[in-house]
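Hi,

Here's the structure I promised to pass on. Have a look, and then read on for what turned up.

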Amino acid sequence: MSHLDQWVDVLMGAVDERRELQPFAAANGVSVEDAYAVQDAVVARRVAGGDRVVGAKLGLTSKAKQLAMNVDVPGFGQLLASTQLANEEPLRMAELIHPRVEPEIVFVMGHSLAGPGVTAREVIEATQAVGCGLEVIDSRFAAFTFTLADVVADNTSAARFVVGPTWVDPHDVPDLALVGCLLEANGQGVATAAGAAVLGHPAESVALLANWLGTQGRVLEAGWLVLSGGLTNAVPIAAGGHVSATFGRLGRVGIRAI
Ligand code: OOG
Ligand code: MG
């Protein structure tokens, strides 16, 4: 058993038992590279248990998120089939610790992409469709306080996600950087942004992912969903609450907590 295996158990237990942890990476010499190994091991155990990887996510790709979370380097995570909800499907608070919801631009890959050297233009060419989504993040760390290595080990706080019903050919959106986003909680506007909030253009975020996967000897797979990162800070959700995001051309997506 490697010294990292204990963190795999700790993190899986925290998810399954809704337990808050204290950050452990700095105090235990867990590097960012180690943290990705922990994330991979957690995902492999979920897959061995019957789950499936359906895509990937980027975290901390907007200034709003980086400032809010006090981590200024993007991180990569993996999307499991079991964590996808249908649009407006109830989010069960009893399964989560302290969820927050954030609006994201979502890509469906039509072709695989292998870094290094992948550009945003190549991402657009490889994209079958773009749409909108909401990511429910639920850091296993108390008060969402973590370092980059902690949040990477924790699969970048991934908990649930939902995609909207509207899918558009990326060539039919003149400029994804200029797509507007209105985030509403319980019918009240709480934040606005444009696609450019994510690394200047959300396709840059997907290119970053493809190039990072390339450094791991992996590819961005055809058919994957990619969450390109929260455009705004996340909003907390409580039982009875509703959060929606409206994205102009990319439509609207909502989530209701019970
Ligand atoms: C980390 C996950 C960030 C995003 O879209 O920026 C993320 C967190 O905020 O807990 O998913
Ligand atoms: Mg996110």
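What spacing do the donors of the magnesium ion (ligand 2) follow along the chain? They follow E-x1-E-x30-E; donors here are N, O and S atoms within 2.8 Å of the metal (3.2 Å for Na, K and Ca), and with water not among the atoms, sites may look incomplete.

Before going further: this is a predicted model, where local features need pLDDT of at least 70 and side-chain atom pairs count only at pLDDT 80 or more, while totals for chains, interfaces and linings use all residues. Residues are numbered from 1 along each chain as its sequence is written, chains are lettered from A and ligands numbered from 1 in the order written, and side-chain values use heavy atoms, leaving out hydrogens and water.

Back to the metal: Glu102 (OE), Glu104 (OE) and Glu135 (OE) coordinate the magnesium ion (ligand 2) at 2.0 Å. Glu102 counts as buried because its relative accessibility is 4%, and Glu104, at 0%, is buried too (buried means under 20% relative accessible area, exposed over 50%, partly exposed in between; 1.4 Å probe, protein chains only).

As for Leu220, its contacts (heavy atoms within 4.5 Å) beyond four places in sequence include Met109, His111 and Val226.

Cheers
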